[in-house]
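Work through the exercises below with the structure open beside you. Try each task before you read its solution.

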Amino acid sequence: MCRSDVAAAVALALACTLSHAGPGTGKAPTWPGIGRPATPAEIRAWDIDVRPDFKGLPRGQGSVARGQDIWESKCASCHGVFGESNEVFTPIVGGTTRKDVQTGRVEALAKGTEAQRTTMMKLSTLSTLWDYIHRAMPWNNPRTLGVDDTYAVTAYILNLAEILPGDFVLSDRNIREVQALLPNRDGKSPRHGLWLPTGKPDVRNVACMRNCAPDVKIASSLPDHARGSHGNLADQDRNRGGLRGQVTAASATAAARGGEFAAVKELTGKAACLGCHGVDRKIVGPGFNQVSEKYRAKDNAEAYLAGKIKAGGQGIWGQVPMPPSVTISDADAALLARWILKGTPE
Amino acid sequence: MADPMRIRAKIEGDKTVVRVLMAHEMETGQRRDSTGKVVPAHFIQEVTATHNGKTVLAAQWGPAISKNPYLQFQFAGAKAGEKIAIAWVDNKGDKRTDEATIAA
């Protein structure tokens, strides 16, 4: 990425500066007044990726049995006890056979006999699975699984997929052997245009040079009543560059106006509420407007909702459970409850 | 012979929650293959769960149940360390019985 012939985007130039100034190169930064070199500790904290050849994989180990304990306490609520659930996300295991483990190609994928593609059918590099769990799971509390627990969960998923036996202990020393057992390890194809720099694209976007349409006609657009469905797009897009979000609602963000609920926007972002709850509609969980309608008139509604936000729940709005929110303080939970009950004022 | 079932049984409060994932094609008999021939029906017809020799669940299933069925039920009166056995019989007479230990 850091070749000098690359067009000089500012962000890229900065990235190059940082990596040149990193440990090992011994060069001092050559951009006085702009930032400082990242410290080795900062780079270590940030550099968590694991590559297909397992470069970057930390040492550790985890057993299938330990993985089952973690799975059933932290993962099963969304992915199903057997990784089979199709309720919130697509299933993780299923669709692979013992023959696939031998051949390295998933037959059901080639023949299209499975109605639903699972993670295990498509996965071709084990590093991807390990890295993804390590950096992004559990969804409501990412990066809380340690290295050994990540090995354990990875081992358990592979056991659910009938690739590893129940007494297996996955570690950095044997992960390459397990890679050689993945059902779709040879399923990746470089025979398409985006893989190689010299590849031919599969679409052809040719600029019109003659007899071109004089004007662009907009054939359809969002009706006025629907334009604000996702809030004000102008506030949500980045505020630089040529493409800006359209103004679709009254401007000025909640934070700029201050008031009692100024902190709510950051809170809902931090706790990932809006991944499952819409402000004015049901997504996976109930919309905040539905919650408000149901509990507004009840006694102790605020304390009840604050408790639910903290502890999670299941069964009142459907079978998909809400995980507990361990990162939210009692005061913040009460603030969120009050905000929801008041009809989510901006 | 069909693949083994996956069974998890766990005491939750005063009940035992049992979760079972069965490996079965569950063909409805309504589908046609690429040559236009009807794929013959093949589905689980009977499911029983046994604890200490006593049947705690008996079910009659039909072709409306999905492929690789997931079954969850609960029953009272079991202790951790005891066994729960699940058995199915399909319309071709194939059978499968699997056992799991109830966890605390």
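The exercises concern a predicted model, and each task is followed by its solution.

**Exercise 1.** Decide whether A:Tyr151 is buried or exposed.

*Solution.* Start with its place: A:Tyr151 sits in helix α8 of chain A. Next, count neighbours. A:Tyr151 has 28 C-beta neighbours inside 10 Å. The cut-off for buried is 20 or more. Therefore A:Tyr151 counts as buried.

**Exercise 2.** Find which residues A:Tyr151 touches, leaving out those up to four places away in sequence.

*Solution.* The contacts are A:Gly60, A:Gln61, A:Gly62, A:Leu170 and A:Ser171. Now check a distance. A:Arg59 is 92 residues from A:Tyr151 along the chain, yet their C-alpha atoms are separated by 9.7 Å.

**Exercise 3.** Describe the largest nonpolar core and say which element gives the most to it.

*Solution.* First, the size: this core has 47 residues. Among those with the most contacts inside it are A:Val153, A:Ala155 and B:Val20. Second, the elements. Third, the top contributor: α8(A), with eight residues.

Take A:Ala155 as a case. Beyond its neighbours within four places in sequence, A:Ala155 is in contact with residues including A:Gly62, A:Val64, A:Phe168 and A:Leu170.

**Exercise 4.** State how many residues of chain B are in contact with chain A, and sort them by class.

*Solution.* Six residues of chain B contact four residues of chain A. On the chain B side, β1 and β2 are the elements that give two or more residues. By class, that side has two nonpolar, one polar and three charged residues.

Notes. Residues are numbered from 1 along each chain as its sequence is written. Chains are lettered from A and ligands numbered from 1 in the order in which they are written. This is a predicted model: local features need pLDDT of at least 70, side-chain atom pairs count only at pLDDT 80 or more; totals for chains, interfaces and linings use all residues. A nonpolar core is a set of buried Ala, Val, Leu, Ile, Met, Phe, Trp, Tyr and Cys residues joined through C-beta atoms within 7 Å. A residue is buried if 20 or more other C-beta atoms lie within 10 Å of its own, exposed if 12 or fewer, and partly exposed in between; C-beta atoms are placed from the backbone. Helices (H or I, at least four residues) and strands (E, at least two) are DSSP runs, numbered from the N terminus. Two residues are in contact if their C-beta atoms, placed from the backbone, lie within 7 Å. Ala, Val, Leu, Ile, Met, Phe, Trp, Tyr, Cys and Pro count as nonpolar, Asp, Glu, Lys and Arg as charged, and the others, Gly among them, as polar.
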